[in-house]
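Visitor: I'm new to this one. Could you show me how to read a few of its features?

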Amino acid sequence: AIGRPWLTLGFDAFSRMPWGMYLSFDHPSAVSLMMMFRHGVLLKNAVERYSTKHEWQAFGIPKTVIVDNGKEFHSNHFADLCALLHTTILYRPRHTPRFGGLIERAFGSLDMRLIHSLVGNTKTMKDVRHKSHNPKDVARLTIAELHEILTVYFTDIYPHLKHRGLDNRTPMQRWNEGLDLSGFPASPSDVAQFMVELLPAATRTMSRQGISYENILYYHSSLAKLVGQELSIKWDPWDFSHLYVWLAHSKEWVETFCHEPEAMKMTRMEYRIVKELLTVNDEPIDENSIRNGWSRINGIQARAGREKDKLSQKKKRHGASTNLNLGQRPSPGTAAAVPQKWDDEWDAPAVAGLPAL
């Protein structure tokens, strides 16, 4: 177990439809908000990516966003983001938790219907007297698998459940009513430019070797004449193999790659793990050591995948042997053998009228 993930969610207040989400091992921050906004504004293409039965319907630029008073909501990054989208920010009154009932209820419903059913959930740690196991010992989901599970839940289950706050209508029905009232929400005209604009920003000085960010060098031929200048950059939390540099004279973002982009495709969380590995082993943190460390971690992940496959095969064999023994009645005075319950897979909660996941 390499960490506990954080989920950032955005909901449409009118319909209670899930609008955007961002899942990562990084603590909530302005970066989390920017990535959640990017996911919320753009089309999700859930059917194409995850073969869901329904499409993730909610999308578009919000006219107003209601937030609490967390420090990430008062950051310059968040203010610039909302100014870019022409979105008005409304802050909840302090010390009035009732104003956050909508999002709190959404998280509570998510916990009850899904999260507390997943392998490795921490609900058992809430009551020490009834603690049955340590979640770290049974955690097997990767961040990608959890992201897929959440996507299926927010497309094929949650929007089709009757909601008491909507007079027992479903969020999907309410969303369609909203479209009839106000039309489709606004969307960016240039999606590629929009995706760059919503990336987190930083400033770096151009050297003869290139731009150094997080001990990785990036270079582009168009930057050769800018040596010594401080440049604005945009970095991608999902892919450290490239970043974007702002060219003031041409007023455009130029995509800039590191020396070996294919070998450096990692997320911010994966880069942090590589950096911790190098620090523990007292290795220098440079591009070569980062690349080698990432290669070693990929090998560990591959072995873990093979172990998971072996466990799945063992479960199937165990199930087959149990089925063969079901017809054998126990002899008098002996207790029937209780089959061992394997919990390495998530069983979706049953929902009336919906297909099983």
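Visitor: Which strand gives the largest share of the lining of the largest cavity?

Guide: A cavity is a set of points, on a 1 Å grid over the protein atoms alone, where a 1.4 Å probe fits but cannot get out; lining residues have an atom within 4 Å of a point. Strands are DSSP runs of E, at least two residues, and helices are runs of H or I, at least four, numbered from the N terminus. Here S9 gives the largest share, four residues. Strand S8 (230-236) and strand S9 (239-247) each supply at least two. Bear in mind that this is a predicted model: local features need pLDDT of at least 70, side-chain atom pairs count only at pLDDT 80 or more, and totals for chains, interfaces and linings use all residues. Residues are numbered from 1 along each chain as its sequence is written, and side-chain values use heavy atoms, with hydrogens and water left out.

Visitor: How much space lies in the largest cavity, and which residues line it?

Guide: A volume is the space filled by probe spheres set on the grid points, which are joined across faces, edges and corners. For the largest cavity that comes to about 30 Å³. Its lining includes Tyr 213, Tyr 218, Trp 235 and Asp 236, along with Asp 239, Phe 240, His 242 and Leu 243.

Visitor: In what order do the strands of the open sheet of six run?

Guide: In general, strands of a sheet pair through backbone hydrogen bonds, either parallel or antiparallel. Two strands count as paired if DSSP finds at least two bridges between them. In this sheet the order is S5-S8-S9-S10-S7-S6, with antiparallel pairing. Strand S5 (201-205) and strand S6 (211-213) are at the edges with a single partner strand each, so one side of each has no neighbour in the sheet.

Visitor: How do strands S3 and S4 run, parallel or antiparallel?

Guide: Parallel: four bridges join S3 (residues 64-67) to S4 (residues 88-91). Ile 66 has Leu 90 in S4 as its bridge partner.

Visitor: Last one: is Ser 51 buried or exposed?

Guide: Buried means under 20% relative accessible area, exposed over 50%, and partly exposed in between (1.4 Å probe, protein chains only). Ser 51 has 63% relative accessibility, so it counts as exposed. Ser 51 sits in the loop between helix H2 (46-50) and S3, with a positive phi of about 55 degrees although it is not a glycine.

Technical notes. On a 1 Å grid over the protein atoms alone, a cavity is a set of points where a 1.4 Å probe fits but cannot get out, and a pocket is an open set with protein on both sides within 12 Å along at least five of seven lines; lining residues have an atom within 4 Å of a point.
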